[in-house]
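Take a look at the fold as a whole before turning to single residues.

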Amino acid sequence: MRGTRRTRLCLAGVMAASALIATPAARAAERTDGHLTDLVNPFIGSQDEGNTFPGAAVPFGMVQLSPDTGHSTGYDYTQNRIRGFSLVHLSGVGCRIGGDLPVLPTTGDVTQTDYSQYAAGFSHQDETASPGYYRVGLSSGIRAELTATERTGVQRYTFPATGKANVLLNAAQSLHKAVSSTVEILDDHTVRTEITGRGFCRDTGPYTVHTITRFSRPFTAYGTWDGKTVTPGSRSGHGGAYVRFDTTEDRTVEATTALSYVDAGGAAGNLRAEGGRSFDAVRERAREQWEKRLAAVQVRGGTGTLRRTFYSSLYRSFLAPNIGGDADGRYLGWDRRTHRADGFTYYQNWSLWDTYRTQAQLLALLAPHEARDMARSVVAIAEDGGWLPKWGYGPVETNVMSGDPVTPFLTTAYQTGLLKGFEERAYRALKKNADGVPPADYPGIGREANAEYLAQGFAPFIKDRPLAKLGDSDYHHGASVTLEYALADAMLAQMARGLGHEADADRYAARAQNYRSIFDPSTGFFRARDASGAFTGSADPALGTGFHEGTAWQYQWLVPQDVPGMVRLIGGERAANERLDSFFAYDRLLADPARTAREVWVHGNAYAYYNADKYNPMNEPDLIAPYTYLATGQPWKTTDVVHAALTLFTDGPTGMTGNDDLGTMSAWNVLSSIGLFPIQPGYSTWGLSTPVFDRVDLTLDRRYWPSGGLTIAAPGTSATDRYIQTVRADGTPHERTYLTTGALRSLRSLAFTVGPRPSEWGTSPEAAQPVLK
């Protein structure tokens, strides 16, 4: 049955497949010459709600110095006025936050204090960006250049010849909701600010950033403002400050702004530690840092466009999480007290509902030292404040999104060997999170619906339940929350078993089967239950309620811990494959992959999450879905779907479908392009599909990956020759559709033989991914 159906479906459209991968005649460049940073386009995703930023940052830097054009998250490529260059941005988030201390150079008298009024025009023809550097010519005749270190943003402004060259530092206006601000001119070179804000998708508790800006030469004049009132000569205020220079001869002004979430002393210490260097020296060091990061992955083959989109995605994968501690190791904990990181760098900004599916695994592979410190930081949050985070911004919990994403995030770290030395500390925090609910006086909601989930086996959907705390509520998404809790329980069971906690492991493994409690046999789909246990909402799985940013069609595949069990609920392997084919519009996909991706899968803007029965490649619930075929005896279809989805990534401003969510979608692109994907997030299983490059060389950290490197080869891979014929791991035939982390640790080569038609590779029942018990 498998072989007959496979041949019939694939031969019908194989020759019409989109040319995602270069044909042999188009492979003019077998190697990447010059700087890898030249292949990165930071403007990708800056239009149509990709919400990326083009400004300057170093890998995982605290500072992301970038222009704000008026868009809620910073920069929108369709706009043509810049309000300021501010210090803090999150790549690809969907909600307003950051944008602290927008700074803008101007000329003439200072008469406006609203940055939407004094904003400067610009043209993309006079704008450029590369990793660690941004430049733009403003309509005022001023050229602005930006670069960064980990904790500072460095600016260089080239003014026209004038005696009134100003730099405006607007402490009161940011992307977030302003709470309070102060600004002080300390001397003829230095300005200090303290800015408190709040916000994000709904609201958060307040957080404070401290900045200190040191200019390269003395001011000739200065002043501050409160509201609309500008006071020349004033040294302090609450709105903002301006400083003035005479540029009739020396037209260039440089400034370094240091940031701290701890206190003013922390900002000053960060300035001492990382300031004092010229703009050009900082820019060159930033470029070198990015070259080193990108060089961990060397690709051969593929078109120029494919390589640009790939390396741009790799770049965005390294932008977050962000350093949260000062140069002296101090950081502000979630208990609002100052702590000191002992032997590790403290990180913050945790978009866990997104990143646990792709980026956490990519960083464990390519940046394991930093990923270890990130895991330690998440554990520190629990030890400082009492509970693990859900979606953390700076030192505050936002409670954005739902479920229990921190568990698969930390179990990923455990499975990849990043928790050595503090496994039990991490496990204690995870167990507390999995078995309880934070108290009313704690700002986080944790597993908010845990009481009902533990008692009844499901999280109820209670549409009108008032929010108990700021952010989202798990009760508003009971169906998907049940699936997310069950997934987390499955992954925690594996960690518990690995640490010898057998009773806990059995208990969590049993809870991992709770996904069954929301399966409605009358519809054949998962469905929300109300507080009484009755199924609720429309019986149409495309219209059902209780799923967070998705439908029952999209969430039906989120059972990576037990795909065979989920398949049996649906009606068996044949029924599951037929449903998968309908979900991916597979017949249309074979005829025209790129068009199907853009016209069938992408059915609206970045926030069109609902009322659909098709795959949504723009959002997180479906990131694993294409890999379900690996477990249903039709692995070649995974390659068909994945390669079609990859056509949605392009090298222009609209080249990101949906929010990037701190590198989540970018990491999906990177992993899917190299043919190695984490199909059981939180566990040690990596699914295989055809790479889009002839060869990929990964340089790995021997402290965590003893092989020191992995070569993934698929010579001749193309739009037509895209089907796996054989796989060899270090020369030995490999018949399974997955690899384990244990195997990857010592593996040096993974060789794919590809061809124009599907083969029997990976089609046996033994080839499918493991069931977690």
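A residue counts as buried when its relative accessible area is under 20%. By that cut-off, 66% of the 773 residues of the protein chain are buried. Keep in mind that this is a predicted model.

Start with overall shape. The C-alpha atoms fill a box of roughly 85 × 65 × 45 Å along the principal axes. How does the radius of gyration fit a compact globule? For 773 residues, such a globule would have a radius near 28 Å; the protein chain has 26 Å, which agrees.

Next, the secondary structure. The chain has 21 helices and 35 strands. Among contacts with a separation of 6 or more, 71% join residues 24 or more positions apart.

Now pick a strand. Threonine 256 sits in strand S17, which covers residues 252–260. Is threonine 256 buried or exposed? Its relative accessibility is 9%, so threonine 256 counts as buried.

Move on to a helix. Methionine 374 lies in helix H8, residues 368–385. Methionine 374 has a relative accessible area of 2%, so this residue is buried too. Setting aside neighbours within four places in sequence, methionine 374 is in contact with Phe60, Pro321, Tyr347, Trp350 and Leu363. Tyrosine 738 is another matter. Tyrosine 738 and methionine 374 are 364 residues apart in sequence, and their C-alpha atoms are 27 Å apart in space.

Finish at the largest pocket. It holds about 370 Å³ of space. The lining has 25 residues, and the closest to the pocket centre are Cys201, Val400, Met401, Asp472 and Glu549. What classes make up the lining? There are 11 nonpolar, nine polar and five charged residues.

Definitions and conventions: Residues numbered from 1 in each chain as written. Predicted model: local features only at pLDDT ≥ 70, side-chain atom pairs only at ≥ 80, totals over all residues. Heavy atoms only, no water. 1 Å grid on protein atoms, 1.4 Å probe; cavity = no way out; pocket = protein on both sides within 12 Å on 5 of 7 lines; lining within 4 Å. Points joined across faces, edges and corners; volume = space filled by probe spheres on them. Nonpolar A, V, L, I, M, F, W, Y, C, P; charged D, E, K, R; others polar. Helix = DSSP H or I, 4+ residues; strand = E, 2+ residues; numbered from the N terminus. Rg over C-alpha atoms; globule rule 2.2 N^0.38 Å. Buried < 20%, exposed > 50% of the residue type's maximum accessible area, 1.4 Å probe, protein only. Contact = heavy atoms within 4.5 Å.
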